[in-house]
Amino acid sequence: MTQNQCKLSVNINKIATLRNSRGGNVPDLLKVAADIQKFGAQGITIHPRPDERHIRYQDARDLKSIVYAEYNIEGNPLEQSFIDLVLETKPTQVTLVPDGNDNLTSNAGWNTIKNKDFLTEITQEFQRNNIRVSIFVDPVLEMIEGAKITGTDRIELYTEAFAHQYGLGNKNAIEPYTKAAILAHELGIGINAGHDLSLDNIQFFNQNIPNLMEVSIGHALISESLYLGLDNVVNMYLQRLK
């Protein structure tokens, strides 16, 4: 299938986790963000949480002057502090994720039907401030249709189930994602994806998701970089996304 170049946005939460484990400013989050862009990545993603256990709210503010590529802030808009932070920093994109404060990581997409009114209202508020909105969803067709009603610009497909099954050798796990992407495109919604994507599965995923615009990758990319080097790993992803 024909495929436009998919953008790589690197989630730097794990850099903040490493920094926070010792206090101080090593590794330097801002320098890492600058270097990742210099190495070729087209975006930087952060996911601040209320307890600031990795990305701090001040990091989001400081990164504003560093990130010249796509700046994507993920988080739960049920937290007023998150809404205020996004409206203050005005990133390129806000990704709405329904994770609880005690979640180690995101583990489900929105029920866009049940939460239609809330998602519509918050989407409009961000869009009024010229911030592109993406809603985190499972690859369920009804949820894609529900996302359309909210007026969101994009969805982000939650890819953990695909990644797990692909690692077990089940390539058919891509099918619901392909169908979801086809429907989203037909409805005029942009398509992002993220969660547990890695060098092992990213090329297959990219080749089977039509009109994929952006992937957000953090844990795997940073872990792989410990072995292979950050500059090298960023460019390995870029090669697989061609």
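**Close-up 1. Threonine 45 and the residues that surround it.** In this predicted model, threonine 45 belongs to strand S2 (residues 43–46), where helices (H or I, at least four residues) and strands (E, at least two) are DSSP runs numbered from the N terminus. Leaving aside residues up to four places away in sequence, threonine 45 touches Ser9, Val10, Asn11, Ile12, Asn72, Glu74 and Ser216, a contact meaning heavy atoms within 4.5 Å. The side chains of threonine 45 and serine 216 are joined by a polar contact of 3.3 Å (a pair of N or O atoms within 3.5 Å; within protein, one must be able to donate a hydrogen and the other to accept it, and residues adjacent in sequence count only if both atoms are side-chain atoms). Threonine 45 counts as buried because its relative accessibility is 0% (buried means under 20% relative accessible area, exposed over 50%, partly exposed in between, with a 1.4 Å probe and protein chains only).

Residues are numbered from 1 along each chain as its sequence is written, and side-chain values use heavy atoms, with hydrogens and water left out. As the model is predicted, local features need pLDDT of at least 70 and side-chain atom pairs count only at pLDDT 80 or more, whereas totals for chains, interfaces and linings use all residues.

**Close-up 2. Serine 134 in strand S5.** Serine 134 is found in strand S5 (residues 132–137), and it counts as buried because its relative accessibility is 0%. A polar atom of the serine 134 side chain lies 3.3 Å from the backbone nitrogen of glutamate 156. When residues up to four places away in sequence are not counted, the residues that serine 134 touches include Gln93, Val94, Thr95, Leu96 and Asn192, as well as Thr152, Arg154, Ile155 and Glu156. Aspartate 153 is 19 residues from serine 134 along the chain, and their C-alpha atoms are separated by 6.0 Å.

**Close-up 3. Leucine 8 in the largest nonpolar core.** The largest nonpolar core has 71 residues, and Leu8, Ile12 and Val215 are those with the most contacts inside it (such a core is a set of buried Ala, Val, Leu, Ile, Met, Phe, Trp, Tyr and Cys residues joined through side-chain atoms within 4.5 Å). Helix H8 (residues 175–186) supplies the largest share of this core, 5 residues. Not counting residues up to four places away in sequence, leucine 8 touches Ala41, Gln42, Gly43, Val215, Ile217, Leu221, Val234, Tyr237, Leu238 and Leu241.
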